Amino acid sequence: MSSSTEPYEVGDLAQIAQDPRRGDATPRMTLSISSLSLHYFRNYESARIEVSPQPVVLTGHNGAGKTNILEALSLLVPGRGLRRARLSELDMKSPSPAKTVGRGYGWAIAATVSGRQGESKIGTGRDPEAGPD
C-alpha cells in the first residue's frame with residue numbers, strides 16, 4: 001500500500017478502507033460520481049443522473065430500477081458486477097415481446113468521476129457484434 005506521501009493506486013482503495021491502523025494523518029481517498037448515463041441497460045432505454053458529491057439515497061417502487069443503477073455503478077470498477085450477470089443479460093428488456101428495443105444493440109454505461117487527481121470520464125458497455133460474453 002502507498003505511504004501518505006505517494007499517490008494512491010486504484011488497487012489500494014480496498015486496503016485503505018480496511019486498514020484499522022490508518023490514523024487521521026493519512027489522507028483518505030474520496031471518489032464521487034457527478035453523473036451517470038445508461039443506454040439500453042436493463043430497464044433503462046436512456047437515463048442520465050446528475051448528483052452532488054453528497055451521499056445519495058435511491059427510492060422507488062419494487063422493480064423501478066434502483067438495483068440496476070447500483071449494478072451499473074458496480075460495472076465501472078474491476079470485477080464481474082453486483083449480480084455477476086453475463087454481459088448479454090444486461091441488455092434492455094422490452095416490455096412487450098413484439099417490441100425489440102435494445103435487443104441486439106448492446107448497452108453502455110458512462111460516468112463522470114471526481115477524485116484527488118481531478119475529473120475523469122469512464123465507461124463500459126457491450127458490443128453485440130463482438131461475439132459472446
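Me: What percentage of the 133 residues of the chain count as buried?
Reply: This is a predicted model, in which local features need pLDDT of at least 70 and side-chain atom pairs count only at pLDDT 80 or more, while totals for chains, interfaces and linings use all residues. Residues are numbered from 1 along each chain as its sequence is written, and side-chain values use heavy atoms, with hydrogens and water left out. A residue is buried under 20% relative accessible area, exposed over 50% and partly exposed in between (1.4 Å probe, protein chains only). Of the 133 residues, the share that counts as buried is 27%.

Me: What is the mean pLDDT of the chain?
Reply: The term pLDDT denotes the predictor's confidence in each residue, from 0 to 100. In this chain 68% of the residues reach 70 or more, and the mean pLDDT is 76.

Me: How many contacts beyond four places in sequence does the model have for residues 8-18?
Reply: A contact means heavy atoms within 4.5 Å. Over residues 8-18 the pLDDT stays under 50. For this stretch, the contacts beyond four places in sequence number 15.

Me: Which pattern does the chain follow along the sequence?
Reply: Helices (H or I, at least four residues) and strands (E, at least two) are DSSP runs, numbered from the N terminus. The chain has 2 helices and 4 strands. Read along the sequence, the pattern is α-β-β-α-β-β.

Me: How many bridges join β1 to β3?
Reply: Two strands pair if DSSP finds at least two bridges between them. Strand β1 pairs with strand β2 (residues 44-50) in the antiparallel sense over 6 bridges, and Ser35 stands opposite Glu50 in β2. Strands β1 and β3 also run antiparallel, with Ser32 opposite Ser114 in β3. The number of bridges that join β1 to β3 is 7.

Me: Which residue in the hairpin of β1 and β2 takes a positive phi near 50 degrees?
Reply: Most residues other than glycine have a negative phi. The hairpin has 2 residues between the strands. The residue in question lies in the loop between β1 and β2 and counts as buried, at 17% relative accessibility. It is Arg42.

Me: Is Tyr40 buried or partly exposed?
Reply: Tyr40 lies in strand β1 and has a positive phi of about 55 degrees although it is not a glycine. Its relative accessible area is 27%, so Tyr40 is partly exposed.

Me: What is the angle between the planes of the aromatic pair formed by Phe41 and Trp107?
Reply: Rings of Phe, Tyr and Trp (its six-membered ring) pair if their centres lie within 6.5 Å, and planes under 30 degrees apart count as stacked, over 60 as edge-to-face and the rest as tilted. The structure holds 1 aromatic pair, in which Phe41 and Trp107 are edge-to-face at 5.5 Å centre to centre. The pair links Phe41 in strand β1 (residues 32-41) to Trp107 in strand β3 (residues 107-115), 66 residues apart. The angle between their planes is 70 degrees.
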